[in-house]
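Hello,

Here is the structure I promised to pass on.

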Amino acid sequence: MGRLFLLVVLAVVAIWLVRRALVHASRAKQEGAAPEAGAPSTQGDLVKCAHCGTHLPFAEARAVGDRVYCSEEHARLGPGRG
Ligand SMILES: [Zn+2]
């Protein structure tokens, strides 16, 4: 009777350990498959003002020729010490 009880306890513990291991494995797989940190590709590329060197989103930059500037004034002033 005591031996049967011990077998049941061992079975429960074994099942619990297997389930815990499976949960950990699936979580590790999800974290490995979807790295969300450090992926700024959704907001658009950051560009550097050719005059002052300020970084800003490309959508907010003024493009003049092949250069981009942070403001209308810097676009007028042209490339600086940048
Ligand atoms: Zn600027």
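Below is what I found in it, from the overall layout down to one residue.

A word on conventions: residues are numbered from 1 along each chain as its sequence is written. The model is predicted, so local features need pLDDT of at least 70 and side-chain atom pairs count only at pLDDT 80 or more, while totals for chains, interfaces and linings use all residues.

The protein has two helices and four strands, taken as DSSP runs numbered from the N terminus (helices are H or I with at least four residues, strands are E with at least two). Along the sequence they follow the pattern α-β-β-β-β-α.

Of the 82 residues, 9% count as buried. Buried here means that 20 or more other C-beta atoms lie within 10 Å of the residue's own; exposed means 12 or fewer, partly exposed is in between, and C-beta atoms are placed from the backbone.

The largest nonpolar core has five residues, namely Cys49, Ala50, Ala61, Tyr69 and Cys70. Such a core is a set of buried Ala, Val, Leu, Ile, Met, Phe, Trp, Tyr and Cys residues joined through C-beta atoms within 7 Å. Beyond its neighbours within four places in sequence, Cys49 is in contact (backbone-placed C-beta atoms within 7 Å) with Thr54, Leu56, Val68, Tyr69, Cys70 and His74.

Finally, Val64 lies in strand E3, residues 62–64. Val64 is partly exposed because 14 other C-beta atoms lie within 10 Å. Leaving aside neighbours within four places in sequence, Val64 contacts Tyr69 and Ala75.

Best wishes

Terms used. Two residues are in contact if their C-beta atoms, placed from the backbone, lie within 7 Å.
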